[in-house]
Amino acid sequence: MNDWCVQGWRQQSTDREQILAWLSEAKQLGFERYNLFKQGDCYWLCCATTEQLDMAAAIRAQVHEQAAVVVQQWCQQLVVVAWQQQTLLTCCHFSADKHGVQNFLYVAENWLKPDQMNCTLVIAGHSTRHLFDNVESIQNAKQIPEFSFEKPLKLAKMRSLRQLPPWLRRRILLRGVIAALLVTGASVWWFWPTTPAPVVIEPTTQLPEPPLLLQGWQQQHVIHVDELLSQVSFLAGWKVTQWQLDDAGETLWLQQSYGSHSDLLLQMPSQDWQLESNGQGLQLQREPPEGIVDAVAAESLEIDLGTQQSNSNEALEEAGFTQTKRSNRVDIQHLLFDPFTPHQWQVFLQWLAVWPEMRIQKIVATPEYLSWRITITLQHP
């Protein structure tokens, strides 16, 4: 029975955005697996920690009644799954004895009444039927063979919360295609050849102006960003609302659910964070690491500095980043940044190496359901 989830953390809605919000909340609550079963226009969501199979989805897929209360004795329990049309009423269990039957009849009273929800009582298996032999009010219940759970249906299997539903993956792919088309059009406009400016011969006596020394962060200060975002994506008892890097250093904004301050500091990847409470939540601040790169990371960042800058722009766009250029400023944005995909951040670091004069002024990352929205502001002379 340990492989089957009967009660679990269950939600249901016809709104996909609400389902995404619940999936994100389930991660914060510490759940690891989920099943999403579509019934009509409604999605039945079940989240669990270790269970592999969803009992509600398995039984509903095998009973064709539009409104039913299904009971079956299984593993010393009386398992109950009830629904009306596309609404799941319950998925629970009672003790498989006289006391459990009485509790079940009390809970299911309104579901079974013809003048209430008018659900059909479906009893699975002869052993289950024997539990109701002395109950006159349910003698007209529908009898069906006992369910076998040794070969579960594919739609009842639960998947990892790190694996997105297929319709969400299609949405991300569509957004990526649209973003690529927009970036391609902007790149064509940006790199379109212009009339060269006339050459002005400066007097030989005039000394060149010293180059402007820009302040800001460089590549070695941001190597850790994707690893940090992946580590703070799932903090037990806490929810990160934003991470930011600016001239003051790094700042994490968090909201508390059931965790304590000591639990939070124990979960952080390093202990050099300074904790500061405010009226609406909590802040963690620190100076960013100096960027000590191990041999593997250094090898992954090695590039040919002679690579044409246009090639680095193309690689950045293919990784999902968009650029907006104004005078001596460049804004880079990624709407669906996945910190668990190291290739994305490596592409940005390689792009930064090709433009050594760039200085990072600010980075803001905000969690968006199962990914992050990241905005990077840079300056160059």
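A search of the whole structure, which is a predicted model, turns up eight salt bridges. One of them joins Asp54 to Arg10, with 2.7 Å between the closest N and O atoms. Asp54 sits in strand E5 (residues 53-54) and Arg10 in strand E2 (residues 9-13), so this pair ties together parts that are 44 residues apart in sequence. Asp54 has a relative accessibility of 2%, so it counts as buried, the cut-off being under 20%.

Another of the bridges brings together the side chains of Glu65 and Lys142, at 2.9 Å from N to O. Here Glu65 belongs to the loop between helix H2 (55-60) and strand E6 (67-74), while Lys142 belongs to strand E10 (residues 142-144), so the pair links parts that are 77 residues apart in sequence. Glu65 is partly exposed, at 23% relative accessible area, and Lys142 also counts as partly exposed, at 37%.

Then there is Arg373, which forms a salt bridge with Glu368; the closest N and O atoms are 3.4 Å apart. Arg373 is partly exposed at 35% relative accessible area, and Glu368 is partly exposed at 29%. Elsewhere, salt bridges link Glu250, Asp272 and Arg286 into a network. As a general point, side chains of opposite charge can pair when their charged atoms come close.

The partner of E2 is strand E4 (residues 42-48): the two run antiparallel and are joined by five bridges. Within that pairing, Gln11 stands opposite Leu45 in E4.

On the nonpolar side, the largest core holds 41 residues, and Trp345 and Phe348 touch the most other members. Several elements supply at least two residues each, among them helix H7 (225-231), strand E12 (238-246), strand E17 (329-337), helix H11 (342-354) and strand E19 (371-379). H11 gives the largest share of this core, with seven residues. Leaving aside residues up to four places away in sequence, Phe348 touches Leu316, Phe321, Ile332, Ile360 and Ile376. In soluble globular proteins, nonpolar side chains tend to be buried together.

Two of the residues touched by Phe348, Ile332 and Ile376, also face each other across a strand pair: Ile332 stands opposite Ile376 in E19. The strands concerned, E17 and E19, pair in the antiparallel sense over seven bridges. E17 is also joined to strand E16 (residues 322-326), again antiparallel, by five bridges. In that pairing, Lys325 has Val330 of E17 as its bridge partner. E16 and E17 form a hairpin with two residues between the strands, and Ser327 takes a positive phi near 50 degrees there.

Technical notes
Residues numbered from 1 in each chain as written. Predicted model: local features only at pLDDT ≥ 70, side-chain atom pairs only at ≥ 80, totals over all residues. Heavy atoms only, no water. Salt bridge = Lys/Arg side-chain N within 4 Å of Asp/Glu carboxyl O. Helix = DSSP H or I, 4+ residues; strand = E, 2+ residues; numbered from the N terminus. Buried < 20%, exposed > 50% of the residue type's maximum accessible area, 1.4 Å probe, protein only. Pairing = 2+ DSSP bridges. Core = buried A, V, L, I, M, F, W, Y, C linked by side-chain atoms within 4.5 Å. Contact = heavy atoms within 4.5 Å.
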